[in-house]
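Here is a short tour for a first look. Keep the sequence and the 3D view open, and find each residue as it comes up.

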Amino acid sequence: MNESRPTSWLQLANPAVFNRWADRLLWPLVIATTGLFAYGLYGTFFVSPADYQQGDTVRIMYIHVPAAWLALFVYAGMVLSALGTLVFRHPMADVAQKAAAPLGAAFTLVCLITGSIWGKPTWGTWWQWDARMTSVLVLLLIYLGIMALWRAVDDPLRAARAVAILTLVGAVNLPIIKFSVDWWYTLHQPASVFRLDGPTIHPSMLKPLMIMALGYLTLYLSLLLVRMKTELTLRRIDRLQRLAAEIPGERA
Amino acid sequence: MKAWLAILARDLRLARRVGAGAELGLVFFLILVSLLPFAIGADQRFISRIAPAFLWLSALLATLLGLDRLLQADEEEGVLDQFLLAGAPLEWLLLAKALAHWLVTGLPLSLVAPLLGLMLAIEPQAMIPLALSLLVGTPALTLIGLIGAALTVSLKRGGLLLSVLVLPLTVPTLIFGATLVKEAALGRAFTTPLMLLGGMTLLMLVIAPVSAAAALRHARQ
């Protein structure tokens, strides 16, 4: 890292410095999110063409696909945070990790639910043990496990390290799970029932999709900042209460 | 090496004397298998079809049984602290614990599985592959469980959490294991799933001791 820069990433370890930066970034992000979603949803519903086979149901794609991307993106970010916790002992890394996990789970859930709603009219079923759906489901289970571990360990520092290790183990396992599920699926059912990849996407659909994806990204980043600030405040309250409890004769 | 053998012998002796060892796991396995026909009816052909999957699921659950106590008792008695103080690498010592756990759960399970397969009307030619798949695959389950046990070691009631953490990671092992038996029952070659299953076990042999040791070290800083 460049030491001459006024705010290196190490300085962000100071909660006050972090909060100042978060405050500066938050409003632009919220405005960007609003703008991108407004433009993206307009594109979704009014500009982009209906599919010649699926009709208007194809518009679910603009909600569904970015959620799937984010589900993986958040996990990748959590892996970086886990490295930050274990290797660099960066105090903000585990705050970010803790803040990210429920958001990742939420995006995964949105992906599954919208996929299910999309599946009903196009495939005629709410749920299919399809390779992709199954691996996304396992991803959700891993997210839930991480959240459960966060809640189970009292001490945030110890919880952070345990979760970091779990996140890394999960990261090693996710490609294997993906591969094994693909293999299991192709073995049991020939890929003739439905074609997920379809034709290469037309630019008129790609543009709203990309805008929605950017909107999801800025939404994620704003929520992440808010959650990180909340977590910092919660820890501060916890610390102050402990301090107050230690002083004899005074109550928090 | 001496410490390693001592830990292995101690854990095996504990399992035998405390009685929560091999027999109880096998009884659990047997109960699960005998519950299946009650749940789905006595249709032999149907049972025969789902038997490989069910036997693998039962093996998975039976492996989970002792996991929450795998490291917890040692944590409470301070044995893990001694492990950390000992000169030998913690990863290596944990491997002995995992091996002891497998010797009293996975191994007997694999050996009696053909017998239970008989009860569930598995094709005769799939009996040996069934035992083989469990023999090769259950070490992976134990090793994944070792990670979960290390992560939840300090929790008072970590059993359920442990299962939630561990089960999603066992998906590949389950897939390859159950597929192997199914392929064998259909009279087809099963080298590919067998090799993948072996690969899972070898991979976990590398990952699990390292991550479990890291979890234990970080838990006491």
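This is a predicted model. Start with A:Gly145, which sits in helix α4 of chain A, a helix running over residues 131–152. Is A:Gly145 buried or exposed? A:Gly145 has 26 C-beta neighbours inside 10 Å, so it counts as buried. Leaving aside residues up to four places away in sequence, A:Gly145 touches A:Leu166, B:Val164, B:Leu165 and B:Pro168. Now go eleven residues along the chain from A:Gly145 to A:Pro156. The C-alpha atoms of these two residues are separated by 16 Å.

**Where the chains meet**

How many residues of each chain take part? On the chain A side there are 22, in contact with 19 residues of chain B. The elements of chain A that give two or more residues to this side are α4 and α5, the latter spanning 156–188. The largest share comes from α5(A), with 13 residues. By class, this side of chain A has 17 nonpolar, three polar and two charged residues.

**The two chains**

Chain A has six helices and zero strands. Its pattern along the sequence reads α-α-α-α-α-α. Chain B has twelve helices and, again, zero strands.

Along the principal axes, the C-alpha atoms of chain B fill a box of roughly 55 × 35 × 30 Å.

**Helix α11 of chain B**

Next, find helix α11 of chain B, residues 171–185. At 1.5 Å a residue, its 15 residues should span 21 Å. The end C-alpha atoms are 21 Å apart, which agrees. After α11(B) comes B:Gly187, with a positive phi near 80°.

B:Ala185 is one of the residues in α11 of chain B. B:Ala185 has 22 other C-beta atoms within 10 Å; the cut-off for a buried residue is 20 or more, so B:Ala185 is buried. Which residues does B:Ala185 touch, not counting those up to four places away in sequence? They are B:Pro52, B:Ile122, B:Glu123 and B:Ala126. Take B:Glu123 from that list. B:Glu123 and B:Ala185 are 62 residues apart in sequence, yet their C-alpha atoms are 5.4 Å apart in space.

**The nonpolar core**

Now look at the largest nonpolar core, which has 129 residues. Which residues have the most contacts inside it? They are A:Leu149, B:Leu146 and B:Ala150. Not counting residues up to four places away in sequence, B:Leu146 touches B:Leu70, B:Leu94, B:Ala98, B:Ala208 and B:Ala212.

**Two loop residues with positive phi**

Finish with one loop residue in each chain. A:Arg89 is found in the loop between α2 (61–88) and α3 (91–123) of chain A. Although it is not a glycine, A:Arg89 has a positive phi of about 55°. A:Arg89 has 14 other C-beta atoms within 10 Å, so it is partly exposed.

In chain B, go to the loop between α8 (106–119) and α9 (127–151), where B:Ala121 lies. Phi of B:Ala121 is near 60°, a positive value in a residue other than glycine. With 15 C-beta neighbours inside 10 Å, B:Ala121 counts as partly exposed.

Note on methods: Residues are numbered from 1 along each chain as its sequence is written. Chains are lettered from A and ligands numbered from 1 in the order in which they are written. This is a predicted model: local features need pLDDT of at least 70, side-chain atom pairs count only at pLDDT 80 or more; totals for chains, interfaces and linings use all residues. Helices (H or I, at least four residues) and strands (E, at least two) are DSSP runs, numbered from the N terminus. A residue is buried if 20 or more other C-beta atoms lie within 10 Å of its own, exposed if 12 or fewer, and partly exposed in between; C-beta atoms are placed from the backbone. Two residues are in contact if their C-beta atoms, placed from the backbone, lie within 7 Å. The expected span of a helix is 1.5 Å times one less than its number of residues. Ala, Val, Leu, Ile, Met, Phe, Trp, Tyr, Cys and Pro count as nonpolar, Asp, Glu, Lys and Arg as charged, and the others, Gly among them, as polar. A nonpolar core is a set of buried Ala, Val, Leu, Ile, Met, Phe, Trp, Tyr and Cys residues joined through C-beta atoms within 7 Å.
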